[in-house]
Amino acid sequence: MFKILVVDDEEHIREVLKEYAEFEGHEVDEANDGMQAIEMAKAKDYDIIVMDIMMPRLDGYSACKEIRKYKQTPMMMLSARGEEYDKLFGFEIGIDDYVVKPFSPKEVMARINAIVKRNSAASAQTSQIEIEKFEGLEINFVSRNVYIDGEKANLTPKEYDLLFYLVRNKNIALTRNKLLEEVWGYDFFGDDRTIDTHIKMLRNNLGPYRKFIVTLRGLGYKFEV
């Protein structure tokens, strides 16, 4: 059973998602705006937050950034806006998935299941190896912290996921499709540009240790040590 927070100012959407989620045996709480979502996320731990972008009082992006200050709960954004810019901006601030309205409730539930299971599997895997060090780059899988020459790096949740996957598979050539499948998961809308954008941001945040992420022309990337 998952604990899900559904945030949308449209009651009908909340009701539909709640009906499908409860049918699968999950527990669902509801919020009708970003401010309420922040308070509920602070007070209770959720397995995933499904949040609309355009809402009164506080939009979904702002609510997401505020929640990220306290918790790393996986987040799925809902929006009537399907432009690539909106999707990439969402991933840059740390969301896990982006679904365009109108949507299929069955597809949303499939995506929710994939995100939560993948997050749980990643947590279990990182518990096996606590810390990896490569020169002045230190990666703590358990605390989800990355240090560059002793200073803590500020990465988005998706950048952490991407770096952790690359490091766990160090010295292995990884195609862009493989990275999309393993890091983003079920039926992700994205393409090569999504991977390239996140790799660029990750490299910028790693400073001199960007050298470990090697581009394989026409294929993908490799964390080479």
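**Close-up views of a predicted model**

**View 1. Surroundings of Asn 145.** Asn 145 touches Glu 138, Ile 139, Asn 140, Lys 152 and Tyr 160, leaving out residues up to four places away in sequence. Contact means heavy atoms within 4.5 Å. This is a predicted model: local features need pLDDT of at least 70, side-chain atom pairs count only at pLDDT 80 or more, and totals for chains, interfaces and linings use all residues. Residues are numbered from 1 along each chain as its sequence is written, and side-chain values use heavy atoms, with hydrogens and water left out. Asn 145 lies in strand 8 (residues 145–148). Helices (H or I, at least four residues) and strands (E, at least two) are DSSP runs, numbered from the N terminus. Asn 145 is buried, at a relative accessible area of 14%. Buried means under 20% relative accessible area, exposed over 50%, partly exposed in between (1.4 Å probe, protein chains only). Tyr 160 is 15 residues from Asn 145 along the chain, with 8.3 Å between their C-alpha atoms.

**View 2. Val 146 and the nonpolar cores.** The largest nonpolar core has 52 residues, of which Met 51, Leu 137 and Val 146 touch the most other members. Helix 6 gives the most to this core, seven residues. A second, separate core of 17 residues includes Val 6, Ile 13, Val 108 and Val 116. A nonpolar core is a set of buried Ala, Val, Leu, Ile, Met, Phe, Trp, Tyr and Cys residues joined through side-chain atoms within 4.5 Å. Beyond four places in sequence, the contacts of Val 146 include Leu 137, Leu 155, Leu 163, Phe 164 and Leu 206.

**View 3. Lys 101 in its loop.** Lys 101 lies in the loop between strand 5 (97–100) and helix 5. Lys 101 is buried, with a relative accessible area of 16%. Its side chain makes a polar contact of 3.0 Å with the side chain of Asp 8. Among the other residues in contact with Lys 101, beyond four places in sequence, are Glu 10, Asp 52 and Ser 79.

**View 4. Helix 2 and its packing.** Gly 34, Ala 37, Ile 38, Met 40 and Ala 41 are buried in helix 2 (residues 34–43). The buried residues of this helix pack against strand 1, strand 2 (27–31), strand 3 (48–52) and helix 3 (60–67). At the helix start, a side-chain oxygen of Asp 33 comes to within 3.0 Å of the backbone nitrogen of Met 35.

**View 5. The largest cavity.** This cavity has a volume of about 30 Å³. On a 1 Å grid over the protein atoms alone, a cavity is a set of points where a 1.4 Å probe fits but cannot get out, and a pocket is an open set with protein on both sides within 12 Å along at least five of seven lines; lining residues have an atom within 4 Å of a point. Grid points are joined across faces, edges and corners, and a volume is the space filled by probe spheres set on the points. The lining consists of Ile 4, Val 6, Leu 17, Ala 21, Val 50, Val 108, Met 109 and Ile 112. Helix 5 gives the most, three residues.

Note on methods:
A polar contact is a pair of N or O atoms within 3.5 Å; within protein, one must be able to donate a hydrogen and the other to accept it, and residues adjacent in sequence count only if both atoms are side-chain atoms.
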